[in-house]
Amino acid sequence: DVRSLDLSHNLIAAVQAAPTGLGTFRFPWALQNLNVSWNGLRRLNDALPLFLVQSDFSHNKLRNINLTLGNITVVARFRDVSVAYNLINAFEVQADGVYRLFQKINMSSNQLTAIPQFPKIANVVVDLSHNRISSTLDISTVPRVLDLSHNNIRYFAASASSSSDGFTYPPDALLLAHNLFMRNSSVALLSSRGVLPLTLDLSNNQIRGNLSMDAPQVDDDDGDAPTIQNLDLSGNSITGVDIHSNFNNASSLVSLDLSNNCLTTFIAANATDSFLKLPSTINLSRNHLIAFSTSRENGLYIPSRTD
């Protein structure tokens with residue numbers, strides 16, 4: 001039986017359970033790897049091969065995805081699907097447990113205006129970049145890795161995520177570069193008590209002015225320990241950063257990127273603070289800083305021109 005099939009760059013217009021005319025195609029059911037990119041596909045239905053592991057439906061004319069797979073056990077190996085570069089404005093799977101089968105879903109470069117609803121699962125990587133999404137981002141529904149770069153999102157709704165067993169877990173990465181986030185919404189997220197991503201990319205947004213992050217310190221025993229390890233704020237218009245000792249997400253930072261901003265001041269810790277750990281990697285390149293000093297105890301201080 002055929003296990004891998006490449007049908008890219010053809011004129012296939014539809015997938016049918018059985019051939020019904022010119023431009024339709026019936027797939028071998030034993031297929032595990034399928035490439036139908038760069039065709040004229042306008043719809044997908046339940047006639048997909050049941051044992052698919054990897055499939056590429058990118059660069060077609062698909063407008064919506066609505067799968068109603070019935071027997072979940074026979075599609076248990078379905079893992080990686082790409083429907084990038086289509087005309088998709090809706091994505092829905094009407095079958096309990098189907099999302100748990102996915103490991104990677106690529107829906108980039110489509111016409112989505114809202115984030116599809118994904119169950120709280122920890123194993124899926126979702127690419128929704130280069131769409132038209134403008135809806136409020138609910139952090140509690142973020143899958144393991146979510147790429148929302150190059151959209152029109154302005155606001156967060158931050159709260160703790162809970163897995164099916166009731167435990168909170170942090171997403172591995174949330175990529176929000178090239179959106180419309182401003183200073184207030186960004187500070188609210190960074191100072192949130194909710195479970196935040198290990199990697200957060202807010203580069204090339206509309207964050208302007210002084211970024212002061214001074215939310216109340218969170219007690220690790222409460223289960224809301226700080227989670228952000230890699231924070232990218234590059235390519236904004238930030239003029240100053242003041243990371244206080246009571247910024248509850250600061251102590252977990254491993255990497256902080258503030259390059260390509262308008263920084264004149266950077267303060268990381270008060271003189272009396274003995275608990276704040278600075279990130280092991282800090283990028284302050286391409287700013288307006290004129291001096292570097294470590295004179296403040298346990299902290300880093302870079303004075304502005306007026307100091």
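Me: What is the average pLDDT of the protein chain?
Reply: The chain of this predicted model averages a pLDDT of 76, and 64% of the residues score at least 70; pLDDT is the predictor's confidence in each residue, from 0 to 100. Local features need pLDDT of at least 70, side-chain atom pairs count only at pLDDT 80 or more, and totals for chains, interfaces and linings use all residues. Residues are numbered from 1 along each chain as its sequence is written, and side-chain values use heavy atoms, leaving out hydrogens and water.

Me: Where does the pLDDT stay under 50?
Reply: It does so over residues 70-76, which have ten contacts beyond four places in sequence, a contact being heavy atoms within 4.5 Å. Where pLDDT is low, the predicted coordinates should not be read in detail.

Me: Why is serine 109 called buried?
Reply: Buried means under 20% relative accessible area, exposed over 50% and partly exposed in between (1.4 Å probe, protein chains only). Serine 109 has 15%, so the residue is buried.

Me: What makes aspartate 172 and arginine 144 a salt bridge?
Reply: The term requires a side-chain nitrogen of Lys or Arg within 4 Å of a carboxyl oxygen of Asp or Glu. Here the closest N and O atoms are 3.2 Å apart, so the pair qualifies. A search of the whole structure finds one salt bridge.
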